[in-house]
Amino acid sequence: MSYSYDDENIFAKILRGEIPNDTVLETEHSLAFNDIQPQAPVHVLVIPKGPYVSYDHFAQEASEAEITDFTRAIGEVCRMKGVQEGGFRLISNAGEHGVQEVPHMHVHVLAGRPLGRMLQKA
Ligand code: 5GP
């Protein structure tokens with residue numbers, strides 16, 4: 001599958017500074033910011049700065065530097081938010097079945113309360 005990136009998506013606008021965000025962490029290749037509609041006491045979105053649609057796209061085409069930076073950024077966010085002890089959940093929605101709203105690769109970092117079972121029955 002080949003991916004086509006829509007550079008008018010909301011996270012692309014955030015990366016270009018056209019829309020404000022509540023930044024948690026910025027690194028060379030990644031940005032982490034608070035979700036506008038948090039679903040847990042900690043709800044941070046971590047995105048690569050590059051134009052990737054989904055985790056699969058990122059894994060296929062990102063450089064090792066981008067992948068390392070992104071992975072470490074997630075860990076850094078967990079440490080900054082102090083969630084290692086209580087625990088946390090990472091989610092990366094992709095495509096229709098994943099119910100992805102914003103077509104720019106992102107990982108949700110959720111924590112701060114018991115999060116329940118991973119999936120509800122459809
Ligand atoms: P998805 O369903 O694509 O995995 O989740 C997209 C997430 O982006 C949602 O949790 C939604 O609340 C968040 N979101 C959408 N628009 C904005 C925005 O303009 N700013 C921020 N900070 N989060 C947004």
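# Ligand and pocket

In this predicted model, a polar side-chain atom of Asp-35 lies 2.5 Å from an oxygen atom of the ligand. The protein covers 89% of the 530 Å² of accessible area that the ligand has on its own. The ligand sits in the largest pocket, whose volume is about 1100 Å³.

- The side chain of Asp-35 provides a polar atom at 2.5 Å from a ligand oxygen atom.
- At Glu-101 the backbone is involved: one of its polar atoms is 2.7 Å from an oxygen atom of the ligand.
- His-108 places a polar side-chain atom 2.8 Å from an oxygen atom of the ligand.

**The shell around the ligand**

- The ligand is surrounded by 16 residues.
- Asp-35, Asn-93, Glu-101, His-106 and His-108 are the closest of these residues.
- By type, the shell holds eight nonpolar, six polar and two charged residues.
- Helix H1 (10-15) and strand E2 (30-34) are the elements that give two or more residues to the shell.
- H1 makes the largest contribution to the shell, with three residues.

**The largest pocket**

- The pocket that holds the ligand is lined by 36 residues.
- Nearest the centre of this pocket lie Asp-35, Gln-39, His-43, Asn-93 and His-108.
- The lining divides into 17 nonpolar, 12 polar and seven charged residues.
- At least two lining residues come from each of H1, E2, strand E3 (42-48), strand E4 (88-91) and strand E5 (107-111).

Definitions and conventions:
Residues numbered from 1 in each chain as written. Predicted model: local features only at pLDDT ≥ 70, side-chain atom pairs only at ≥ 80, totals over all residues. Heavy atoms only, no water. Near = heavy atom within 4 Å. Polar contact = N/O pair within 3.5 Å; in protein donor to acceptor, adjacent residues only side chain to side chain. Areas by Shrake-Rupley, 256 points an atom, 1.4 Å probe, with all protein chains shown as cover. 1 Å grid on protein atoms, 1.4 Å probe; cavity = no way out; pocket = protein on both sides within 12 Å on 5 of 7 lines; lining within 4 Å. Sits in = over half its atoms within 2 Å of the grid points. Helix = DSSP H or I, 4+ residues; strand = E, 2+ residues; numbered from the N terminus. Nonpolar A, V, L, I, M, F, W, Y, C, P; charged D, E, K, R; others polar. Points joined across faces, edges and corners; volume = space filled by probe spheres on them.
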